[in-house]
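Here is a short report on one structure. It moves from the contacts between chains to single residues.

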There are 2 protein chains.
Amino acid sequence: MRLGLLGPEGTFSEMAAKKWRKDAELVFFDDMELAAMAVDEGRVDESIVAIENSVEGPVGVIHDRLLDVKSPIVGEVVIPIRQCLMARPDASEIKVILSHPQGLGQCRKYIREHYPNAEIRSTGSTAHAARLAQEFPEMAAIGCSASAEKYHLKVLAEGIQDRTANYTRFLVIGKNLPAPTGQDKTSLAVYLDRDRPGALYEFLGEFATRGINMTRIESRPSKLTLGDYRFFIDVEGHCQDKVLGEALHALKDRTSKLKVLGSYPVADKV
Amino acid sequence: MRLGLLGPEGTFSEMAAKKWRKDAELVFFDDMELAAMAVDEGRVDESIVAIENSVEGPVGVIHDRLLDVKSPIVGEVVIPIRQCLMARPDASEIKVILSHPQGLGQCRKYIREHYPNAEIRSTGSTAHAARLAQEFPEMAAIGCSASAEKYHLKVLAEGIQDRTANYTRFLVIGKNLPAPTGQDKTSLAVYLDRDRPGALYEFLGEFATRGINMTRIESRPSKLTLGDYRFFIDVEGHCQDKVLGEALHALKDRTSKLKVLGSYPVADKV
């Protein structure tokens, strides 16, 4: 089992991957989007990608990418995020703070209070940040403690995220839709006619009137023009469940632009 | 009239500010959030802040900040975005590309194709990026052409955003709610009970059943726990209009966590 994820070693993605499958062979990609496409391209059996954080919000680029991915979402993983500030043991004055944009966003208040004059730089992953901090003594990285070990850095401060309760949800992309378990979630993407008032209301009505709970709705720009959006919606249930199946059937008749991204077991609470 | 905005000079915010008021005295802030709070703090008469881009999506930090801002939204401005790559006239090989995260996100494809090995750094504004590129010949900045002039940089490439149709919408925060014009928009923030299925559906129903068009819905994490969201909703009409007023009244009875952020004339199409 080859499992694709954002690299290098020492990212939160690696933590999530190990929670998902202890024994998988990890295949690191330089870029989240590449990891998301890797199952379609036959390079891995599954991929794991971050989709949202409880403080900083959605990972926009992965939402956009899911529209192109043909392989289904087969699972979700939620991990607690504890951000650390780390630098070389011989680091002197910290002039630059590095992290993935999500890491920087989650520690905005901490950075402003403790390093008001530092230059802020974003990197492709928190582990990339740690790797740079290993090279330059005037730089500190924000990321997970595993990075500090991996890159021989000293942890200067721990749990520096602005909110203690900080979780990231990851999606697993795989080859085959899992069978219903009775505790499932289904992810959808839909493009509605924006010039028809009430289009979203009617769409949601197919779920609400059937007692189907919506756990998430996220809008993303269609990229065609300002004020034009796609919606990413998670509902409780499996697309092969009778009631949800009926709702999806009714919606597919109504709009040709509905994509079922996958149905998968709900992650354990963390 | 003192108008607050993200600085330094040469940002897209400055373009938007000049479109909003030609004759205002511009007051530059280092940080968008500071600009958003400046009316409340009596430091300016109005502030202008970016709220969403047609390609890269919402400016999350401004949404979160609007919950605390007491002054109303009094207007909106939409400007076309044409991103330029710029560097010192004596620049040699470009090793670092700098911009605001929105600028980097809007030119993701261009950067990957033309500068696959460059280090990507995010800055507080596109003008901050230009200022750094002025100092270091191995760095290039992505931003508006006004920055190139202002910081004596050479434009290496123009219109490098991944989508030609690229617009940013700005909100103006002011002191007094403008009177209805007949062509208005109202912005709301609401926190719904997530454990009640259909809560969002019922909320939207108060608009849909009255024929009120919703032009935008954006979810943001409540930051309390994963899967818990606030919604930012724009609807057509002014909160002092009879029909919209009735809908808001019905909704306020239903939830105590509804905030009317402002009512303002719809921006001219660009």
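**Chain A against chain B**

The model is predicted, not experimental. In it, 48 residues of chain A contact 48 residues of chain B. The two chains bury about 3,900 Å² between them. Carbon and sulfur atoms account for 55% of that area. On the chain A side, the residues that lose the most area to chain B are Tyr201(A), Lys223(A) and Leu226(A). Together they make up 19% of what that side buries.

Which elements of chain A give two or more residues to the side that touches chain B? The helices are α5 (108-114) and α8 (199-208). The strands are β3 (46-53), β4 (57-58), β8 (119-122), β11 (167-173), β13 (214-221) and β14 (229-236). β13(A) gives the most, with eight residues. By class, this side of chain A holds 21 nonpolar, 12 polar and 15 charged residues.

**Domains of chain A**

Chain A is divided into three parts: domain 1 (2-80 + 166-173), domain 2 (84-158) and domain 3 (184-265). The C-alpha centres of domain 1 and domain 2 of chain A lie 23 Å apart. Each of these two domains gives 16 residues to their contact. The area buried between domain 1 and domain 2 of chain A is about 1,200 Å², with 57% from carbon and sulfur atoms.

Two salt bridges span the interface of domain 1 and domain 2 of chain A. Lys150(A) and Glu9(A) meet through their side chains in a salt bridge of 3.3 Å, N to O. On the domain 1 side, α1 (12-20) and β4 of chain A each supply at least two residues. That side divides into seven nonpolar, six polar and three charged residues.

The table sets out the two interfaces.

| Interface | Buried area | Share on carbon and sulfur atoms |
|---|---|---|
| Chain A and chain B | about 3,900 Å² | 55% |
| Domain 1 and domain 2 of chain A | about 1,200 Å² | 57% |

**Sites in chain B**

Helix α1 (residues 12-20) of chain B has these buried residues: Phe12(B), Ser13(B), Glu14(B), Ala16(B) and Ala17(B). At the start of α1(B), a side-chain oxygen of Thr11(B) comes within 3.3 Å of the backbone nitrogen of Ser13(B).

Thr126(B) sits in helix α6 (residues 126-135) of chain B. Is Thr126(B) buried or exposed? Thr126(B) counts as buried because its relative accessibility is 9%, and the cut-off for buried is under 20%. Beyond its neighbours within four places in sequence, Thr126(B) contacts Gly10(B), Thr11(B), Phe12(B), Ser99(B), His100(B), Ile142(B), Gly143(B) and Ser147(B).

Gln240(B) lies in the loop between β14 (229-236) and α9 (242-254) of chain B. Gln240(B) is exposed, because its relative accessible area is 53% and exposed means over 50%. Not counting residues up to four places away in sequence, Gln240(B) touches Leu177(B) and Pro180(B). Gln240(B) and Pro180(B) are 60 residues apart in sequence, yet 7.0 Å apart in space, C-alpha to C-alpha.

Technical notes. Residues are numbered from 1 along each chain as its sequence is written. Chains are lettered from A and ligands numbered from 1 in the order in which they are written. This is a predicted model: local features need pLDDT of at least 70, side-chain atom pairs count only at pLDDT 80 or more; totals for chains, interfaces and linings use all residues. Side-chain values use heavy atoms; hydrogens and water are left out. Contact means heavy atoms within 4.5 Å. Buried area is the accessible area (1.4 Å probe) that two parts lose on being put together, summed over both. Helices (H or I, at least four residues) and strands (E, at least two) are DSSP runs, numbered from the N terminus. Ala, Val, Leu, Ile, Met, Phe, Trp, Tyr, Cys and Pro count as nonpolar, Asp, Glu, Lys and Arg as charged, and the others, Gly among them, as polar. Domain bounds come from an automatic or database domain assignment. A salt bridge is a side-chain nitrogen of Lys or Arg within 4 Å of a carboxyl oxygen of Asp or Glu. Buried means under 20% relative accessible area, exposed over 50%, partly exposed in between (1.4 Å probe, protein chains only). A polar contact is a pair of N or O atoms within 3.5 Å; within protein, one must be able to donate a hydrogen and the other to accept it, and residues adjacent in sequence count only if both atoms are side-chain atoms.
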